[in-house]
Amino acid sequence: MKKHKKEKKGYLEFIMIILVSGLMGGVGTVIIGEHGGDVEKLGSILETFIGKGAFWFIVLMSILGSIANTYMVLTVRKKFREWDGEDDETAEQIEGYNNRCQGIISCCSTMVMVLSGVNIVYGLHRSESKASLAVIPTLFVGYCLWSAFSEHILVEQTKKMNPEKKGNALSLHFNRDWDKSCDEQEKARMYEAAYVVYRKSNWLYAGIYIVLLMCSVAVDIGVLPFLMLGIIWTYQIVLYICNYEKRR
């Protein structure tokens with residue numbers, strides 16, 4: 001009986017989600033459709049603001065990010081020097097801080113990369129001045145190189161604390177070599193985290209699809225946003241299924 005009740009509850013929840021999503025999507029589409037001119041004007045303002053702001057943000061990130069990278073590298077190295085080599089609790093804290101630093105560097109590098117693309121598009125097709133097109137690639141390459149080198153130093157510090165760890169952070173095979181050197185507990189944490197990312201990403205992609213669908217009613221956004229979303233979403237699902245079956 002309990003099993004049947006859970007199944008019925010699941011069906012009802014699914015129906016409710018579909019109805020609520022359809023209602024919200026329909027209402028949103030009507031509202032956006034009625035204010036198409038305002039939406040298009042807002043989009044134009046945001047595009048100009050982000051396009052012009054991307055240049056200065058990249059400049060700021062390249063300077064402050066490089067300083068932050070240097071600070072994090074020096075801090076991790078200092079913590080490692082102060083570690084007595086035996087205190088496991090301190091080692092955990094150092095590794096946790098090290099991992100957070102690597103995450104911050106990766107996130108900032110991704111933001112700079114995306115905004116560099118925004119700046120290039122804006123500079124080529126929206127702006128009369130092409131001066132930023134000569135500056136941005138230099139800043140982007142310089143910042144990304146220093147970020148990669150910073151992550152390499154942080155990974156090497158982790159390897160000093162854990163001699164069993166293998167892999168060169170600057171190598172194309174780093175993730176493969178690093179995963180092989182992890183113990184079962186670490187692999188379980190990574191796989192669990194990856195599954196959470198997979199589930200949460202599906203909700204994000206669904207939300208992006210709904211927003212694109214509503215915006216397409218008021219503004220001609222073209223087919224490329226839908227195509228790119230479809231490629232990324234499908235790639236993630238296929239990759240997850242294939243790897244899941246491989247591990248049976």
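Read along the sequence, the predicted model shows the pattern α-α-α-α-α-α-α. Colour the protein by secondary structure to follow this order: there are seven helices and zero strands.

Next, display the surface of the whole protein. Of the 248 residues in the protein, 25% are buried. Now consider the contacts between residues with a separation of 6 or more: 65% of them join residues 24 or more positions apart.

Select residues 184-218, which form helix α6. This helix has 35 residues, and the distance from its first C-alpha to its last is 51 Å, close to the 51 Å expected at 1.5 Å a residue. At the N-terminal end of α6, select aspartate 183 together with glutamine 185. Aspartate 183 caps this end of the helix, with a side-chain oxygen 3.2 Å from the backbone nitrogen of glutamine 185.

Remaining on α6, show the side chains of its buried residues: Lys187, Tyr198, Ser201, Asn202, Tyr205, Leu212, Met214 and Ala218.

Finally, turn to the cysteines. Select cysteine 101, which has a relative accessible area of 3% and is therefore buried, the cut-off being under 20%. How many disulfides does a search of the whole structure find? The search finds zero. Select cysteine 107 to examine one case: cysteine 107 is in no disulfide, and the nearest cysteine sulfur, which belongs to cysteine 108, is 6.8 Å away. A pair of cysteine sulfur atoms must lie within 2.5 Å to count as a disulfide.

How values were computed:
Residues are numbered from 1 along each chain as its sequence is written. This is a predicted model: local features need pLDDT of at least 70, side-chain atom pairs count only at pLDDT 80 or more; totals for chains, interfaces and linings use all residues. Side-chain values use heavy atoms; hydrogens and water are left out. Helices (H or I, at least four residues) and strands (E, at least two) are DSSP runs, numbered from the N terminus. Buried means under 20% relative accessible area, exposed over 50%, partly exposed in between (1.4 Å probe, protein chains only). Contact means heavy atoms within 4.5 Å. The expected span of a helix is 1.5 Å times one less than its number of residues. A polar contact is a pair of N or O atoms within 3.5 Å; within protein, one must be able to donate a hydrogen and the other to accept it, and residues adjacent in sequence count only if both atoms are side-chain atoms.
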